[in-house]
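Take a look at the model below. This report covers a helix pair and the nonpolar cores.

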Amino acid sequence: MTGAASTAAIIGGMRGGMAVNESPSNPDYRTLRWISLAMAIIAIVTGCSVLLSNVLSLANLAFLFLLPVIGVSGRHGLVPGLLTASLSALSFNFFLVPPLHTLHIADADNVVTLAILFAVALAVSNFAARLQAQASLARQKALESDTVARLTMDLGQQGDAAGMCQCLLETLAVETGCTVAVGDANDSIETLASASPIDTAAARWALAHHEIAGRGTDIMGSADSLFLSAKVGDEGALLIRLWRGDTLSPLLPSRRTFIQTLANRCGEAIERIGVANARRLLESRERHDAMRDALLASFSHDMRTPLTTITSGLGGLEVDPANAEALAAAKEGANRLEWLFTNLVDLARIRAGAVALKVEAVDLTEAIASALDALKRQTAEREIALNIPEDTPLVQSDARLLHHILVNLIDNACKYSPTNGGLGISVRHDDDGLALSVRDSGPGLGSASAKDLFAAFGRGENVDEMPGTGLGLAIVAGFAKALGISVSGVNRTDNQGAEFTLRFPHTMVMSERAREQQ
Amino acid sequence: MIGGQTILVVDDEMQIRRLLTAALRRGGYETVEAATAREAINAQQRFQPVAALVDLGLPDRDGLELVEQLARDDACAVLVVSARDATDEKVAALDLGAVDYVTKPFDTEELLARLRVALRRTGQIGKPPEPVRFADIEIDSAARIVRKAGLEMHLTPKEYALLTALADHPGRVITHAQLLKTIWGPAHTNDVEYLRVAARALRLKLEPDPSRPRHIRNEPGIGYRLCE
């Protein structure tokens, strides 16, 4: 399905979006920032509180000391928040709580104040940290869906699987900063993962389970590379390898989902062009088939109308004893012509592959009887020995095609047997399935090979003086092939003629289920 | 009594129409000809034929549609005139209400025989059931008894149902789908094997030579026909 999915790699891919979670700032600088922020706010708050201490009660002033805690823990997280809370409490205690300018706490209330400040720092920093994490995740998701959308668009512009794999490869290289290789699963395990046995094993796992495997994952985590696969339709798959020297750090689970999504998009895109190509092919074939069927039908109709006029017209003539013989000969000729024509059209259908099957349960006893009815004229004067066991099972076949086969086979047997020569028709049920044989009392097959016998216009060797074009057996062989039954011809063991056998494999022989429905 | 009944002949080929008309006249029927579906519908309304012989390949409309429309008139038996290998269209036409088919090239005697059988149906509507007899077989549907040469035969309910379904329209082909629907119900219209098994069992009980059946005749890929 993936067709020409190429194996390709970009060496030394770029460093990119993997760093989204990390802050670009220097850690020392960050510490300095929060400490100075904390000191500044605490200084301001303390100053204001001292000035207002004559106006406001101590309990109200304590609220002001929440401000530095909220500010620092909201922006810088838990630890700076807790430290700021301690600093606030110390400052409150030292400058405002009597005894002033000592760190001694005289009142149990002040212990509570300190505890509240700690609790606020904890709550605010937690909340802020969660908000920050969510925002950062949302930012990352937005970037990722941009990337997926961009890849989907790029894939849409590619005309073949190789171009699509190249798109995926470039996107993955940019997104992961890894060296990437993308290949068709059928031929790329060895090419993509030859580095070490554990790599090969990880690659096989990724393909078999459609899970990310290899470096840093739970599955063969010590491999050098990371492997993932993407389905292409029901059968095919892409295999993708990511590696970066020895330094490939484990991918975060959320990133794994992301690169898997990218790979899946590529697999789906390749499947779509495969389906589109198959549909185009099918449509053109259907157009061709429809044209051929129409041509066959119109040809058959145009030929049949005058033929029908002749045969049916002759049939309706009043028989004048003086013309009786000529009339009979004309009728016989017209009938043969009609039969020959039907066979020619049938043969054209088989050759064109235009035989539509309608498989149903068929009783061979009935099928043989109907074929004999259709050949009343040819079989009227002959002794026909039927040997069909009463318990012959039904077969799965197309009743109309089987009828054609039997009529041709029995007609052929009549043609090559003497005028009053007998025929034998038998059905045998054995381990290989069902065998239906038609025995004639003609000259036998001579040395003609089976292939010649069933070729159109091919005829047995001993039959030069016989009428016929050799179309009958070609139709038998063509229809039999369409039905999945085999046909063979041999000389009778008693050398009294030829025997043709149709074999229905046991898969076509039906069980006795239908008997329960009687 | 037959003389004077009108038959509608629908075929776009003038030669075939002439041929059919000649054969029908010889059988004592009057004929009306139509070359298109539209003409056929007009003719049916104007002349109220007792039967219509329809070729399915018409220039102006799908022949099957015409069959369905003509067959809506219960007093008109529709017969399809069709090529030997056109099994699918025969089955479709029969399931749409055609009562039988005649294969091209047709034999005049056979054509007239089929037509007589088809017309017999229309004459029988409303009559009380009476024992059906053919050869040495008698079906007493009031008593649900089948006798062969005077001896009562034991038939299973399905065998009896198949026999009566065929005997209701002696001489007419009944499609597999029609028989299966009548006997086993609409869910089983594709279970041809039930029918094959029942038909074989019935032949073993009723036919003088079950491997060369005279009465319960198989039409390959189409259905069954009861012949006397």
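Predicted model: local features only at pLDDT ≥ 70, side-chain atom pairs only at ≥ 80, totals over all residues.

The sections below treat the helix crossing, then the cores.

Helix α11 of chain A spans residues 364-374, and helix α13 of chain A spans residues 399-415. Their axes come within 9 Å and cross at roughly 55°. The crossing of α11(A) past α13(A) is right-handed.

On the α11(A) side, the contact is made by A:L364, A:A367, A:I368, A:S370, A:A371, A:L372 and A:A374. On the α13(A) side, A:L402, A:H403, A:L406, A:V407 and A:I410 take part. Ten of the contact residues are nonpolar and two are polar.

## The largest nonpolar core

The largest nonpolar core has 49 residues. A:I410, A:L436 and A:F504 have the most contacts inside it. Of these, A:I410 also belongs to the α13(A) side of the helix contact.

Several elements of chain A give two or more residues to this core. The helices are α10 (324-351), α11, α13, α14 (450-454) and α15 (471-483). The strands are β9 (423-430), β10 (433-439) and β12 (498-505). α13(A) gives the most, with ten residues.

## Around A:F504

Leaving aside neighbours within four places in sequence, A:F504 is in contact with A:L364, A:V395, A:S397, A:L402, A:D432, A:G433, A:L434, A:L436, A:I485 and A:V509. Among them, A:L364 and A:L402 are also part of the α11(A)–α13(A) contact.

## A separate core

Another core lies apart from the largest one. This other core has 29 residues, among them A:A173, A:I212, A:C266 and A:A269.

Methods:
Residues numbered from 1 in each chain as written. Chains lettered and ligands numbered in written order. Heavy atoms only, no water. Axes fitted to C-alpha atoms, helices over the stretch in contact; angles between N-to-C directions. Helix = DSSP H or I, 4+ residues; strand = E, 2+ residues; numbered from the N terminus. Left-handed = near helix turned anticlockwise from the far one by under 90°. Contact = heavy atoms within 4.5 Å. Nonpolar A, V, L, I, M, F, W, Y, C, P; charged D, E, K, R; others polar. Core = buried A, V, L, I, M, F, W, Y, C linked by side-chain atoms within 4.5 Å. Buried < 20%, exposed > 50% of the residue type's maximum accessible area, 1.4 Å probe, protein only.
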